[in-house]
Amino acid sequence: MDWRLEGSTQRVESPVLQGEEGVLEETGEDGLPEGFQLLQIDVEGECQEGETLATGSTAWCSKNVQRKQRHWEKIVAAKKSKRKQEKERRKANRAENPGICPQHSKRFLRALTKEKLLEAKHSGPRLCIDLSMTHHMSKKELSRLAGQIRRLYGSNKKADRPFWICLTGFTIDSPLYEECVRMNDGFSSYLLDIKEEDCFSLFPLETLVYLTPDSEHALEDVDVNKVYILGGLVDESIQKKVTFQKAWEYSVKTARLPIQEYMVRNQNGKNYHSEILAINQVFDILSTYLETRNWPEALKKGVTSGKGYVLQNSVE
């Protein structure tokens with residue numbers, strides 16, 4: 001009897017004695033010994049990616065989550081390595097070419113483009129796109145015209161000396177406007193003028209020059225004090241002299257690009273030759289000439305080989 005009581009007393013007192021000697025297991029922040037913490041079951045099944053315990057160790061995750069976590073870590077590491085390599089490459093390029101200006105940020109370039117466009121608004125040159133003839137155009141033709149406006153605006157933003165663009169005879173409730181918004185990202189924030197009035201009522205008639213392939217007069221120069229008009233017309237039925245007739249009604253000066261003066265017809269299988277260009281092609285010619293003052297170089301920029309014309313000096 002005494003022996004059993006004595007043994008039980010030893011079993012009860014032994015943890016206390018061990019705790020006095022410093023052998024008792026360390027407890028966690030929740031007051032439980034670590035041995036008990038290992039027996040806790042995660043009732044959530046899977047931890048969220050990146051979730052950590054309060055002690056800073058990674059929570060238990062399923063194999064699928066762990067695999068995704070490792071995959072994500074590889075992607076992040078690869079991106080960091082690529083950025084580091086690109087940074088070192090730019091640093092090496094600056095060391096090899098100290099005279100070249102450093103690459104500007106996108107924010108700086110956007111601000112510079114905006115400044116140049118606003119300067120063109122006040123000092124010229126100016127370009128009007130006459131969109132008052134679009135009511136007879138089909139949905140397909142409107143889509144093509146919207147694409148030409150997008151390319152024209154993109155080229156103008158890149159130009160060293162851009163034009164200030166004005167879309168005239170253009171209403172925000174028109175099918176063309178809806179097509180422009182649908183096809184052109186950020187169209188509503190384009191830096192240009194949108195006017196319901198036609199170009200003949202917005203500017204003095206003596207400053208206007210309507211560019212049309214039906215004119216008898218070749219364009220000799222680009223004058224920043226003039227307002228050049230392009231007919232926003234995509235007509236698959238090829239109605240002739242539509243823009244020329246409109247300019248004649250308002251007694252406005254007309255001109256054509258000097259294609260006949262600097263280019264010749266090139267033989268092709270279809271025997272096709274045309275001086276009718278898209279508005280973005282005409283703009284590329286005007287913009288290039290404004291910068292270079294060289295008509296052959298400008299015409300080469302906008303007149304594609306499919307039009308059946310080549311420069312005179314390129315013909316053997």
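Which element gives the largest share of the positive patch?

1. Helix 4 does, with three residues. The patch consists of Lys-106, Arg-107, Arg-110, Lys-157 and Lys-158. Helix 4 (106-123) and helix 5 (139-158) are the elements that give two or more residues to the positive patch. Patch residues have over 30% relative accessible area and no salt bridge, and like charges are joined within 9 Å.

2. This is a predicted model, in which local features need pLDDT of at least 70, side-chain atom pairs count only at pLDDT 80 or more, and totals for chains, interfaces and linings use all residues. Residues are numbered from 1 along each chain as its sequence is written, and side-chain values use heavy atoms, with hydrogens and water left out.

3. Lys-157 lies in helix 5. With a relative accessible area of 37%, Lys-157 is partly exposed (buried is under 20%, exposed over 50%, partly exposed in between; 1.4 Å probe, protein chains only).

4. There are nine aromatic pairs in the structure (ring centres within 6.5 Å; planes under 30 degrees apart are stacked, over 60 edge-to-face, the rest tilted). Tyr-177 and Phe-187 are edge-to-face, because their ring centres are 5.6 Å apart and their planes stand at 75 degrees. Tyr-177 is in helix 6 (residues 175-183) and Phe-187 in the loop between helix 6 and strand 3 (193-194), ten residues apart.

5. Phe-187 also pairs edge-to-face with Tyr-190, at 5.1 Å centre to centre and 65 degrees between the planes. Phe-187 is buried at 3% relative accessible area, and Tyr-190 is buried at 13%.

6. Ring pairs join Tyr-153, Phe-170, Tyr-177, Phe-187 and Tyr-190 into a cluster.

How values were computed:
Patch = residues over 30% accessible without salt bridge, like charges linked within 9 Å, V, L, I, M, F, W, Y side chains within 5 Å. Areas by Shrake-Rupley, 256 points an atom, 1.4 Å probe, with all protein chains shown as cover. Salt bridge = Lys/Arg side-chain N within 4 Å of Asp/Glu carboxyl O. Lys, Arg positive; Asp, Glu negative; His and termini not counted. Charge placed at Lys NZ, Arg CZ, Asp CG, Glu CD. Helix = DSSP H or I, 4+ residues; strand = E, 2+ residues; numbered from the N terminus. Phe/Tyr/Trp six-rings, centres within 6.5 Å; stacked < 30°, edge-to-face > 60°.
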